[in-house]
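I opened my notebook to work through charges, contacts and backbone angles. The entries follow in the order I looked things up.

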4 protein chains.
Amino acid sequence: MEAKLLLYKKPKLKKPVLIQGLPGIGNIGKIVVSYLIAELNAEKIADIVSPHLPGLVLISPDNVVEPLTIEVYLYKGKGRDLVLVTGEAQPISDFGQYECCNLLIDFCEEFGISEVVTVGGYGIGRQVKEPKVYGIVTSENLVKHYEKYGVVFQKENTIGTIIGMNGLLLTFAKMRDIRGICLLAETLGYPLLSDPKAAEQVIKILMDMFGLKVNLEKLEEAVKDLDRLWRHLEEQTRKMHEKKGVSEYSSYIG
Amino acid sequence: MEAKLLLYKKPKLKKPVLIQGLPGIGNIGKIVVSYLIAELNAEKIADIVSPHLPGLVLISPDNVVEPLTIEVYLYKGKGRDLVLVTGEAQPISDFGQYECCNLLIDFCEEFGISEVVTVGGYGIGRQVKEPKVYGIVTSENLVKHYEKYGVVFQKENTIGTIIGMNGLLLTFAKMRDIRGICLLAETLGYPLLSDPKAAEQVIKILMDMFGLKVNLEKLEEAVKDLDRLWRHLEEQTRKMHEKKGVSEYSSYIG
Amino acid sequence: MEAKLLLYKKPKLKKPVLIQGLPGIGNIGKIVVSYLIAELNAEKIADIVSPHLPGLVLISPDNVVEPLTIEVYLYKGKGRDLVLVTGEAQPISDFGQYECCNLLIDFCEEFGISEVVTVGGYGIGRQVKEPKVYGIVTSENLVKHYEKYGVVFQKENTIGTIIGMNGLLLTFAKMRDIRGICLLAETLGYPLLSDPKAAEQVIKILMDMFGLKVNLEKLEEAVKDLDRLWRHLEEQTRKMHEKKGVSEYSSYIG
Amino acid sequence: MEAKLLLYKKPKLKKPVLIQGLPGIGNIGKIVVSYLIAELNAEKIADIVSPHLPGLVLISPDNVVEPLTIEVYLYKGKGRDLVLVTGEAQPISDFGQYECCNLLIDFCEEFGISEVVTVGGYGIGRQVKEPKVYGIVTSENLVKHYEKYGVVFQKENTIGTIIGMNGLLLTFAKMRDIRGICLLAETLGYPLLSDPKAAEQVIKILMDMFGLKVNLEKLEEAVKDLDRLWRHLEEQTRKMHEKKGVSEYSSYIG
C-alpha cells in the first residue's frame with residue numbers, strides 16, 4: 001500500500017507557488033500555513049493519505065472522525081496562485097517523508113508549479129525580540145532575489161542540515177529544476193511551545209513576496225486556539241497510548 | 001509481499017453492515033464480535049493474511065496449526081446481513097493496519113456494504129456499574145440516528161483520538177462515502193483484563209440496532225473461556241519469546 | 001526490492017518432501033538439516049536472497065566472501081526425493097519471514113511437493129536423557145500417521161504458539177492443502193547452546209519416516225565444529241557491531 | 001517508492017572497475033574514494049536517491065541545499081576506466097543497503113564492469129605505524145593476483161563477517177560472476193576518528209593496481225577538512241535532532 005494524492009478538483013493555476021508548513025520546531029510552519037488558509041479562505045483541493053502517517057485518527061468536538069492527512073489547499077491570488085500544504089503530523093518514518101515529498105513534487109510538475117517555499121523553525125535556545133528568518137535555497141543565484149524580502153542569508157552557513165519534509169521537498173524541487181527556498185525562523189526551540197512571533201515574521205515576508213493582504217490581528221488568538229487543541233490532543237493521546245500498550249500487549253497474547 | 005483477502009465464498013448480501021471487533025482495551029471488540037459469531041452461528045467467508053501480523057502461529061488443543069489471520073464471517077439476518085470481522089491480533093505496525101483497513105474497505109465497496117460499525121473500549125481508569133457506550137461517527141447528521149439505540153454522544157468530545165484499526169476503518173469508510181460509527185464502551189482499562197459487562201452493553205445496542213436475537217446468558221462463561229485461552233497463550237508466548245531472544249541472537253551469529 | 005529464489009537447476013522430483021531446519025532454540029533444526037545435507041551428499045539447487053536477512057556477509061577461512069542466504073538442497077532418495085532447506089540465519093523481521101515462506105511454498109506448489117516438515121526445539125528449561133519429539137500437524141487426521149514414527153502428540157496441547165519460519169511455513173502449507181508437520185524436540189533452551197542429543201532424536205525419526213541411511217557417529221563432532229564456527233562468528237560479529245555503532249553514527253553526521 | 005539511479009551521462013567504458021568507499025570505521029572508504037575523485041578530477045555521472053537514506057539534507061556554506069545521495073563518478077584512465085562510488089551516508093536500514101547494492105550491481109552489468117573493489121576499515125583497537133590492508137575476495141583463485149599489490153591475506157581468516165555495503169556489494173558481485181575484493185585497512189576503530197594513514201595505505205595499493213598517479217601530499221590536509229566538516233555537521237545534527245524530538249512529539253499530538 002502506497003501513499004496517494006486524492007485530487008478533488010483539477011486546478012488551473014496561474015504562475016503557481018507551493019508553500020508547505022507542517023508541525024515542527026515552534027510549530028512555525030504549521031501556524032503560518034494554517035493561518036494563511038483561514039485568512040485567505042483557501043479551498044481544499046487534495047489530501048495525501050499515507051500508511052506512514054501515525055495509525056490514529058482525530059475526533060472533532062462534534063464527535064466526527066477525521067483522517068490524518070497531508071492537506072492541500074488552493075488560493076486564487078491576484079498575481080499568482082498559492083498551493084498551501086499543511087497537516088496535523090509528518091509521516092513517522094524517513095521513508096514515509098520521502099514518499100510524501102515525491103507525491104508533492106509530482107503534483108508540482110503536473111500543474112506547472114515553478115517555485116516551492118517550505119517553512120520551519122531554527123531553534124537557537126533563547127528568545128529574541130525580532131526573530132530573523134534565514135533562507136536556504138535551491139541555487140546560489142536566488143539569494144539576491146529573496147534578500148529583497150528581508151530573508152537573511154548567513155555569510156558562512158552554520159545550520160548544516162535540515163531534517164524532515166522541509167529539507168526533502170526542497171532537494172526534490174532542486175532535482176526537478178524547480179526553484180525554491182526554505183524559510184527558517186529563529187525560535188526558542190522548546191518542546192510543544194508554539195511561537196507566534198516567529199510565525200508572524202514569516203507571514204510578513206510571504207505577504208511581501210506574493211502580494212498578499214492578511215490581517216495579522218487574529219494571529220495570537222489563533223495560536224492560542226491551536227495550542228489549546230494540541231494540549232488537549234496531547235493529553236488524550238498520552239492516555240490512549242498508555243492504553244495502546246495494553247492493546248498491543250493483549251494483541252500479542254490473544 | 002502484500003496482505004491478501006482470501007474469499008472462500010462470494011456472498012450475495014442484503015443491505016449489509018460490517019461489524020469489526022479486534023483485541024484491544026478490555027478486549028471488548030473481540031468479545032462482542034466473537035460472541036455474535038458463535039451465537040448467530042455465522043459462517044466464515046474470508047481470511048485476511050498479512051505479513052504485518054505477528055510472525056507466529058497458534059496451535060489448537062488437538063495439535064493442529066492455525067494461521068493468525070483477520071477473519072471475516074457472514075450472518076444472513078432477517079432484515080439485514082451482517083459481515084463480522086475479528087481476529088486474535090491486530091497488525092503490529094501502523095502500516096499493516098492501514099493495509100488491512102484498505103482491503104476491508106475495498107471488500108465493502110465490492111459487496112455494497114453501506115454501513116460500518118467498529119467496536120472498542122474507552123479506558124476511564126475505574127469500574128462503573130453500567131458502562132456507557134460512546135459513539136464517534138463519520139458525519140454529524142448520523143448522531144440522531146444512533147442516539148435512538150442508546151449510544152451516548154459527548155456534548156464536547158473529550159476522546160480526541162482513536163488508535164488502531166477501529167479509527168482507521170472508520171475514516172476509510174468516510175472517505176468512500178460509507179456511513180459508520182465507532183462504539184467505545186467505558187471500561188477500567190487495565191492490561192489483560194477482559195470486561196464482559198462493557199461488552200454486554202455493546203451487544204445490547206447492536207441487538208436493538210440490527211434486530212438480532214442473542215442469548216446473553218452464556219456471555220460471562222464465554223469470556224472466562226476466552227480469558228483462560230488468553231492467559232494460556234500469554235504464558236506460552238512469554239516462554240517462547242524468552243526463547244525467541246535466544247533464537248534471534250543465535251541467528252545473528254550463526 | 002523483494003526476496004528472490006534463484007533456481008540453479010530445475011529439478012524433476014519423485015514424491016518429494018521438503019524438510020526445513022534453521023537456527024533457533026538449541027539450533028536443532030539447523031543441525032539436523034545441515035547434517036543430512038552433509039551425510040546424504042545433497043546438491044545445492046537454489047538460494048533465497050532476501051533484503052530482510054541481516055545486512056552482513058560471512059567470510060570463509062580462505063578469505064572468500066559468502067552471501068547470507070536461505071539455501072535449498074536436493075537429495076535424490078530411493079523412495080522419495082528430499083528438498084532440504086537451511087541457512088545461517090532467519091530473516092530479521094516478521095515481514096521477511098512471511099516473504100521467505102511465501103517463496104518456499106510457491107516452490108513447493110511448482111514442483112509438486114506434497115509434504116512439508118519443519119524442525120525446531122521446544123525449550124523446557126531442563127535437560128532430559130531421552131528428549132521427546134513433539135508434533136504439530138496441518139490436520140488432525142495426520143496424527144496417527146506420524147505417531148508410527150515415534151512422534152509424540154500431547155493429549156491437551158500446551159505449546160500454544162510457534163514463533164518464526166517453523167510455524168509460518170506450516171500454516172502456508174495448510175492453506176495450500178499441502179500436509180505437514182512441525183517436529184519440536186525437547187531441549188534445555190539456553191542461549192547459544194547447541195543440543196546434539198535432541199537433534200539425534202529428530203534425525204532418527206526422519207530416517208525411519210523417509211527410509212534414510214545416515215551414519216550418526218559423526219554428529220557430535222559436527223556439532224562441535226558448528227559450535228566452534230558460531231562462537232567464532234559471534235565474537236567477530238560482536239566486535240564488528242561495536243564498530244557498526246561507530247559507522248552508523250558517523251554515517252549520520254557525515 | 002524505490003531507490004533510483006539517476007544517470008546523467010551514459011558512459012562508454014574501457015575495461016572498467018568500480019571502487020566503492022562510504023563512511024564507516026575510520027572513514028577510510030569515504031576518504032580514499034573522495035580523495036581519488038578530487039585528485040583525478042573525476043566527473044559525476046549518476047546519483048542514487050533512496051528513501052532509506054537518512055531523512056535530512058545537507059546545506060552548503062553558500063546556503064544551498066544538497067540532497068543526500070550515493071554519488072557515482074567516472075575517471076577515464078589511461079589503461080582502465082574507474083567508476084568511483086561514495087556518499088555522505090549509508091542507507092540506515094539493512095533493506096536500504098540491499099536495495100542500493102542491487103542498483104549498483106545492475107549498473108555494473110549494464111556497463112560491463114568486470115571488477116568491484118570495496119574499501120573499509122578493520123578496527124583492531126590500537127594504532128599501528130604501518131597499517132596492513134587485508135583482502136577478502138569473491139573467489140580463492142584471486143588471492144595470488146591481489147597479493148602482488150601488497151594486499152595481505154590471513155592464513156586462517158579471523159575477520160568472520162563484513163557489515164554493511166562493503167560486504168553486500170561484494171557478494172552481489174560474486175553472484176553475478178563479477179570478480180572483486182574488499183580492502184580492509186587496519187585502524188584504531190574509535191568513533192568519529194578519521195584515519196588518514198590507513199587511507200594512504202589503501203590509495204597506494206589502488207595506485208599500483210590501476211596505474212594511477214595521485215599526489216598524496218594533500219591527503220592529511222583533505223582529511224582535516226573532511227573532519228572539520230563532519231564535526232560541524234555532527235554538532236548541527238545533534239542540535240537539530242534534539243529539536244527533532246520536539247518536532248516528532250508535537251507531530252504526534254498535533
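Where is the place of C:E88 in chain C? I found C:E88 in the loop between β7 (82-87) and α2 (94-110) of chain C. I am working with a predicted model throughout.

**Entry: C:E88**

Buried or exposed, I asked of C:E88? C:E88 counts as buried, because its relative accessibility is 17% and the cut-off for buried is under 20%. I then looked for a partner. The side chains of C:E88 and C:K30 are joined by a polar contact of 3.4 Å.

**Entry: salt bridges**

How many salt bridges are there over all chains? I noted a count of 52. Side chains of opposite charge can pair when their charged atoms come close.

I took D:E66 and A:K174 to start. Their side chains meet in a salt bridge, 3.2 Å from N to O. D:E66 lies in strand β5 (residues 65-66) of chain D and A:K174 in helix α4 (residues 165-175) of chain A, so this pair joins two chains. I checked the accessibility of both partners. D:E66 is partly exposed at 32%. A:K174 is partly exposed too, with a relative accessible area of 26%.

Next I turned to B:K14 and B:D81. The salt bridge between their side chains spans 3.8 Å, N to O. B:K14 counts as partly exposed, at 37%.

I then picked D:K44 and D:D47. Their side chains form a salt bridge of 3.0 Å, N to O. D:K44 is partly exposed, with a relative accessible area of 30%. D:D47 is buried, with a relative accessible area of 6%.

I also looked for a network. In chain A, salt bridges link A:K14, A:K76 and A:D81.

**Entry: a charged patch**

Which residues form a negative surface patch? I listed A:E2, B:E2, C:E2 and D:E2. I followed up A:E2. A:E2 lies in the segment before β1 (4-7) of chain A. A:E2 counts as exposed, because its relative accessibility is 52% and the cut-off for exposed is over 50%.

**Entry: helix α4(A)**

I went back to the helix that holds A:K174. Why is α4(A) largely enclosed by the rest of the structure? Nine of its 11 residues are buried, so the rest of the structure largely encloses α4(A). The buried residues include A:M165, A:L168, A:L169, A:L170 and A:F172. A:G167 and A:A173 are also among them. After α4(A) comes A:D177, and I noted its positive phi, near 60 degrees.

**Entry: positive phi**

Most residues other than glycine have a negative phi, and most peptide bonds are trans. I looked up two further residues with a positive phi.

A:N27 has a positive phi of about 50 degrees, although it is not a glycine. A:N27 is in the loop between β2 (17-21) and α1 (28-40) of chain A. At 3% relative accessibility, A:N27 counts as buried.

D:N63 has a positive phi of about 70 degrees, and it is not a glycine either. I placed D:N63 in the loop between β4 (56-59) and β5 of chain D. D:N63 counts as buried, at 4% relative accessibility.

**Entry: C-alpha separations**

I checked two pairs by C-alpha atoms.

B:M209 lies in helix α5 (residues 196-210) of chain B. B:M209 counts as buried, at 10% relative accessibility. What separates the C-alpha atoms of B:M209 and B:Y146? I noted 8.3 Å for this pair, with the residues 63 apart along the chain.

C:A3 lies in the segment before β1 (4-7) of chain C. C:A3 is buried, with a relative accessible area of 8%. The C-alpha atoms of C:A3 and C:K129 are separated by 41 Å, and the residues are 126 apart along the chain.

Note on methods. Residues numbered from 1 in each chain as written. Chains lettered and ligands numbered in written order. Predicted model: local features only at pLDDT ≥ 70, side-chain atom pairs only at ≥ 80, totals over all residues. Heavy atoms only, no water. Patch = residues over 30% accessible without salt bridge, like charges linked within 9 Å, V, L, I, M, F, W, Y side chains within 5 Å. Areas by Shrake-Rupley, 256 points an atom, 1.4 Å probe, with all protein chains shown as cover. Salt bridge = Lys/Arg side-chain N within 4 Å of Asp/Glu carboxyl O. Lys, Arg positive; Asp, Glu negative; His and termini not counted. Charge placed at Lys NZ, Arg CZ, Asp CG, Glu CD. Helix = DSSP H or I, 4+ residues; strand = E, 2+ residues; numbered from the N terminus. Buried < 20%, exposed > 50% of the residue type's maximum accessible area, 1.4 Å probe, protein only. Polar contact = N/O pair within 3.5 Å; in protein donor to acceptor, adjacent residues only side chain to side chain.
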